[in-house]
Amino acid sequence: MPRRHAVDPHRIMRWFFIVGMVILLGACGGADTPGDRAAQATERKQRQTDMLAHMQAHFDTMYSLPPEVVEALERGEISQTDIDQRSASGEFQKFFRFETLADVPVDLIWEDGGDLPDIGSPKATKGGTLYLSLRDFPRTLRLFGPDSNGSFRPWILDDTRMQFGRRHPNDTSIDENGNFRYFPGIAEAWAADRATRTVYVKINPAARFSDGVPVTTDDIVFSFYFWHQAWIQAPWSNNYFRRNFVNITRYDEHTFSLTLPEAKPNMLSRALELEPLPLHFFTEFGEDYVQRYQWKFVPTTGPYVLEPENLKKGRSITLTRLDDWWAKDLKFWRNRFNVDRVHMSVIRDTAKSFEAFRKGELSMFSVTLPEYFYEKLPATDPLVANGYVDRVVFYNDIPRPTYGLWINSGQPLLDNQDIRVGINYATNWDKVIKEYFRGDYTRMRTTADGYGEFSHPTLKARAFDVEAALGHFARAGFNERGPDGVLVNKAGDRLSFTLSTGYESLKDTLTILREEALNAGLEFRLEVLDGTASWKKVQEKQHDIHFSAFNVSPEMYPRYWETDHSVNAYDVPWLADGSPNPQRKLKAQTNNLQSIANAALDERIEAYRGSDDVSEMQQLAFEIEEILYEDGSFVPGFVVPFMRIAYWRWVRWPEDFNVKLATSPIKYHLLWIDDEVREKTLKARKSGETFPAVDAIFDRYRADR
């Protein structure tokens with residue numbers, strides 16, 4: 001057990017002296033350069049001094065709060081002043097602590113994942129350029145804050161930055177302590193003490209950021225300071241890192257621990273699946289963070305960087321691989337991230353992207369949509385039949401992205417439960433699946449499919465039923481049809497809503513939904529936006545109904561707080577007596593796209609978050625899903641149990657193509673480019689030479705196999 005004693009103030013001051021030198025003399029705040037005016041240098045130094053002072057003040061006033069206190073603060077039941085007074089009286093311990101290696105328990109069992117199988121193919125070679133397309137240009141390079149959660153995010157955060165450790169994508173077993181198996185990233189070893197709900201981590205001394213600066217515990221300590229700040233305009237992050245961690249302790253420059261409020265199943269994930277931010281890069285962090293860091297690439301621990309000259313706004317982005325990437329020879333990483341360059345051109349139209357692929361201007365193209373797989377690039381197409389382009393169907397085994405209609409219950413009329421339930425009955429996803437998707441997809445049942453024993457065993461989405469829809473609409477006052485067939489109420493309001501999406505390639509599915517909904521007197525006004533604009537709209541809660549999906553992570557159990565708790569719907573959802581706050585305002589920049597605020601749901605979500613008992617969590621998850629079903633603010637869409645990809649034959653893959661947990665072909669960066677095959681293929685096309693056709697199915701991980 002770790003020793004508990006008073007915090008040594010001298011130890012903290014020594015740490016701040018060292019960090020102060022990093023901030024005041026570091027790479028981002030050194031002496032004047034020829035192009036740097038003295039006034040600008042003075043301003044920069046002042047900003048760095050202010051940031052150091054603010055960080056020190058935060059350390060002095062940030063305390064470990066029990067989850068129930070954090071949740072009461074979120075609900076507005078207590079104030080920050082109350083927290084400060086209780087902290088000053090000694091009720092809560094400091095969140096940031098500084099101890100020595102002598103305080104690390106000696107009986108810990110350290111792990112390093114070394115027994116797990118390697119990832120990728122030993123045949124992989126480095127080099128070449130991967131050519132891809134982007135449907136829209138990112139609005140920012142920031143990792144947090146407004147517009148940072150767009151489709152470009154995996155390229156600068158999720159899929160390319162290293163975490164302390166990652167869940168192994170093929171060995172999905174659970175160990176005797178209830179954890180998934182992890183392989184090392186930035187960490188070289190870790191240990192968990194369930195009795196104290198603490199995870200200990202040793203950073204690999206060789207770990208470096210892309211600008212050559214070593215990764216140390218100072219970076220993860222700074223990261224928690226960063227994640228706590230309102231300046232980043234990321235409410236989800238603010239809450240997550242305050243609610244789900246009660247302490248970070250620094251022991252030396254490579255050893256730290258994180259204490260959690262609960263010893264939940266797979267507690268390792270909370271600590272290992274973090275990406276530390278580089279302290280030395282954020283030396284001018286402050287209130288203007290959103291603007292100041294809008295187009296600055298954050299140094300990464302991963303292999304790909306974005307140089308300023310490779311960011312051509314509105315046109316293209318090119319990532320380049322570091323030749324001296326610190327992890328290039330490490331097991332689990334050495335056979336991945338093989339291409340030298342990833343060039344992404346903005347092509348907003350799917351049809352134009354497909355034509356660019358056929359011309360060889362793009363390296364690969366998703367043919368998951370039936371119209372491309374069966375009609376536009378069938379096995380009989382000369383490109384496939386002659387062996388120039390390969391096609392693959394790969395079945396994965398993952399929690400399923402939440403494709404469906406997200407109804408904003410904060411909008412007029414949509415705040416009526418009967419209207420929302422009626423929309424469920426009036427939405428004919430079964431016809432979309434049968435006719436548009438050729439029966440290849442299946443109907444999504446709940447908001448959390450694919451989580452095994454945590455997914456509801458019997459609940460199913462409502463089937464298309466005109467009479468049931470009309471009954472619910474009538475109870476909401478809509479029982480007369482206008483001349484266009486759309487229902488109206490006595491006030492003359494039409495039962496008409498904007499159905500928006502950022503999925504240009506799936507717009508025809510919405511046409512089917514619109515035509516079918518009219519049978520039930522419901523009008524969908526279709527609005528197809530580019531991906532960035534559509535996500536901005538829903539994040540600002542300006543939508544009526546939005547067709548989208550969250551690309552969930554392969555976690556052990558689903559999350560509900562982010563999407564379904566009232567604190568992510570409204571600024572102050574409830575009054576002190578528990579009744580709805582009539583003055584409440586919709587909260588922007590959260591994932592509660594339905595603006596759902598349900599006290600019974602909140603109660604179960606909070607119990608679910610606070611539980612470390614698997615059986616209790618399962619039962620609560622089932623009850624949560626049942627409440628969401630009754631609320632009707634989410635219309636489950638479809639599940640895609642596979643990925644279908646076409647690629648030029650010089651793009652090479654491992655023998656089993658991909659890993660079990662792959663959510664996209666590129667997710668784990670296993671492919672490589674064979675330039676010799678590329679030259680041979682280009683010459684063959686000109687001469688008429690052909691190759692054996694490749695039209696393969698990999699169904700090892702197919703659920704119904």
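This is a predicted model: local features need pLDDT of at least 70, side-chain atom pairs count only at pLDDT 80 or more; totals for chains, interfaces and linings use all residues.
Residues are numbered from 1 along each chain as its sequence is written, and side-chain values use heavy atoms, with hydrogens and water left out.

Let me begin with the whole chain. Its secondary structure comes to 21 helices and 27 strands, where helices (H or I, at least four residues) and strands (E, at least two) are DSSP runs numbered from the N terminus. The radius of gyration is 27 Å, close to the 27 Å that the globule rule gives for 705 residues, so the chain is as compact as a globular protein of that length; here the radius is taken over C-alpha atoms, and the rule is 2.2 Å times the number of residues to the power 0.38. Along its principal axes, the C-alpha trace spans about 75 × 75 × 60 Å. Of the 705 residues, 58% count as buried, a word that means under 20% relative accessible area, with exposed meaning over 50% and partly exposed in between (1.4 Å probe, protein chains only).

Now to the charged side chains. Side chains of opposite charge can pair when their charged atoms come close. A search of the whole structure finds 32 salt bridges, each being a side-chain nitrogen of Lys or Arg within 4 Å of a carboxyl oxygen of Asp or Glu.

Which residue meets E284 in a salt bridge? The partner is R47, with 3.7 Å from N to O. Because E284 lies in the loop between α8 (268-272) and α9 (289-292), and R47 in helix α2 (residues 38-61), the pair ties together parts that are 237 residues apart in sequence. E284 is buried, at 12% relative accessible area, and R47 is also buried, at 18%. These two residues belong to a network of salt bridges that links R47, E284, D288 and R292.

A further pair is D544 and R525, whose closest N and O atoms are 3.8 Å apart.
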